[in-house]
Amino acid sequence: MKAWLTLLAGAWMLASCASAAEYFDENAATTVFAFDDVTIPHSQNLRLEMRQPTRHPANPVLQRGKPGTPDARGVQFYGSIIRESGKFRLWYVAFDDDVANKVASARWRPAYAESTDGLHWTKPDLGLVEFGGNKHNNLILTDPAPLGFVNLKVLADADDPDPQRRYKITGHVYFRHHTRLGTLAPFTSADGLHWQLVKEVKTKNAELLEKDLVIPAVHFEPSGGLYKWDGMYYACGQNAMNATQPYQGRVTRMYHSSDFVNWSPTQSVGFVRLPQHTPLGPGRSLEGEQTHEGISVWNRRNILLGVVGLWHGAKEWQDITVDLGFVVSNDGLRFREPAHEWTFLKRGDDGQWDQGGLLQGQGFENIGDETFIYYGAWDPRHWKDAPPRGGVGIAVLPRDRFGDLVVETLGKGPGNYQVPEITSEFITATIPVKQAQQFFLNAAGLGPDAALKIELLTANETPLPGYSAIIRQSGFQTPIAWKKDAGDLPERIRIRVTFEGKRNTDIRFSALYIR
């Protein structure tokens, strides 16, 4: 069986690599996603259908180590993946099996792996941190040390002029205030392997002292996500219950900083599920529908895509489970669900490596014809007895196709009368264009009798002469050719997309790119 899965995974990757060289990097484009109702506020006779990813047959692609290694007990992918210079770099939390070590926080350490294809991973011998009497391991060097990590996120920050701050890292570490509480620890690094806390401190029992905190001394669990938006750094997590409005249990909150060193004591609420607006009362913090551990973020330049934990609460730990949901934001602060209370990825069945609960790692990559969404596993039902946990898995979608706009075919309106044939179309909000642009379409179901008509409009919705095209070819990045040069466009435009042809119900519009 294992050999068959290996063969299947190899065939899957071979198919992906066959077309990988043909695509540009969508992260450098402005993207109009089908599910973005801020960028697409106007539509007629269209319906949004979200897509659920499938699990890669090679899962888990990064597994726990052998007994006596730093991650023998757990590979906790509250981590990140960054693709640069032809290499995929992965940071995660390693949990050892040294049960004799009674310093709880000391057994959780930041670790590193890398890959050339995003599927096959190695744990390099970094030689930086002593463990088990030697330095032959993949542990990352932190200053100060030791310092226990439960969660970490990494941001490659090319805009910082200081090469020693090329990478930004936020970690969920602990401090003591009568009991052990979570807090934010921000680090910078030149290479992603040697981390320096933004202030000089000393640790005690692998934890920070209260006097050295960068945010208020309240329980906060970063770092579900780390991202930069409009000049601000945001550390996303859960709790920090000193907010102005109470909610039921865990909600997504963010702290922010303009320089990554000095963090505002204020925090913002980023996402609250509808049931959480009705608190259940004292002593019921485990119960009800909640969010879990903040939002992992894919920064797509004009929009943030996010994966969030969906906590299904209960009175006792053994009945709690966690799935993953999908959210988006256009302002970097407020996230929303394109599909209300919709499950993006469901936890694995009992007996599977990802049973019970999933973790939202910050890893999103377009590879060939596919999008990889990396995730981790944690079964909350066994929280107290803490069996070996984790690994890194891949959820797979067709490239950038998180959701589609399709023609509405229900056919009946109020009073059960037949709806007359009407145009199926949408018009975007205004989109800034500063120079000559290239336009590309991500859509399926196109052909001789199913086409998308793409028109560029002025800000007041007047058609721009020479900027109309009919697209009949499906693809992930189908070029849109105009009769006029795109350098003649005004500073702000709108886009109208019309679903045409007698088989227009076959069309699935996923995205449009502006380079």
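## Exercises on salt bridges, sheets and a pocket

Asp71 and Lys123 are joined by a salt bridge, with 2.7 Å between the closest N and O atoms; a salt bridge here is a side-chain nitrogen of Lys or Arg within 4 Å of a carboxyl oxygen of Asp or Glu. The model is a predicted one, in which local features need pLDDT of at least 70 and side-chain atom pairs count only at pLDDT 80 or more, while totals for chains, interfaces and linings use all residues. Residues are numbered from 1 along each chain as its sequence is written, and side-chain values use heavy atoms, with hydrogens and water left out.

### Exercise 1

**Solution.** Strands (E, at least two residues) and helices (H or I, at least four residues) are DSSP runs, numbered from the N terminus. Next comes accessibility, where buried means under 20% relative accessible area, exposed over 50%, and partly exposed in between (1.4 Å probe, protein chains only).

### Exercise 2

Work out where the residues of the pairs Arg109 and Asp96 and Asp323 and Arg347 lie.

**Solution.** The side chains of Arg109 and Asp96 form a salt bridge at 2.7 Å, N to O. Arg109 belongs to strand S7 and Asp96 to the loop between strand S6 (87-95) and S7, so this pair ties together parts 13 residues apart in sequence; both residues are buried. The second pair, Asp323 and Arg347, meets at 2.9 Å, N to O. Here Asp323 is in strand S20 (residues 321-329) and Arg347 in the loop between S20 and strand S21 (358-359), which places them 24 residues apart. Asp323 is buried at 3% relative accessibility, while Arg347 is partly exposed at 22%. To set these pairs in context, the structure holds 32 salt bridges, and a network of salt bridges links Arg47, Glu49, Arg51, Asp404, Glu408 and Arg508.

### Exercise 3

State the strand order of the open sheet that contains S14, and explain why one side of S14 and of S17 has no neighbour in the sheet.

**Solution.** The order is S14-S15-S16-S17, and these 4 strands pair in the antiparallel sense; two strands count as paired if DSSP finds at least two bridges between them. Strand S14 (220-229) and strand S17 (263-271) are at the edges with a single partner strand each, so one side of each is left without a neighbour in the sheet. The twist from one strand to the next averages 30°, an angle between N-to-C directions, on a scale from 0 to 180 degrees, of axes that are lines fitted to C-alpha atoms, for helices over the stretch in contact. Finally, look at one pairing: S14 and strand S15 (residues 232-239) are joined by 8 bridges, and Trp229 has Met232 in S15 as its bridge partner.

### Exercise 4

Determine how much of strand S33 is buried, and which residue of S33 is the bridge partner of Ile427.

**Solution.** Strand S33 (residues 492-500) is mostly covered, since 7 of its 9 residues are buried. Strand S27 (residues 424-427) runs antiparallel to S33 and is joined to it by 4 bridges, and the partner of Ile427 is Arg496. Strand S28 (residues 431-432) also pairs with S33 in the antiparallel sense, over 2 bridges, with Ile431 opposite Ile493. Strand S30 (residues 451-457) is antiparallel to S33 as well and has 7 bridges to it, and there Lys453 stands opposite Thr498.

### Exercise 5

Say which strand gives the most to the lining of the second largest pocket, and how the lining divides by class.

**Solution.** S12 gives the most, with 3 residues. By class, the lining has 15 nonpolar residues (Ala, Val, Leu, Ile, Met, Phe, Trp, Tyr, Cys and Pro), 10 charged (Asp, Glu, Lys and Arg) and 10 polar (the others, Gly among them).
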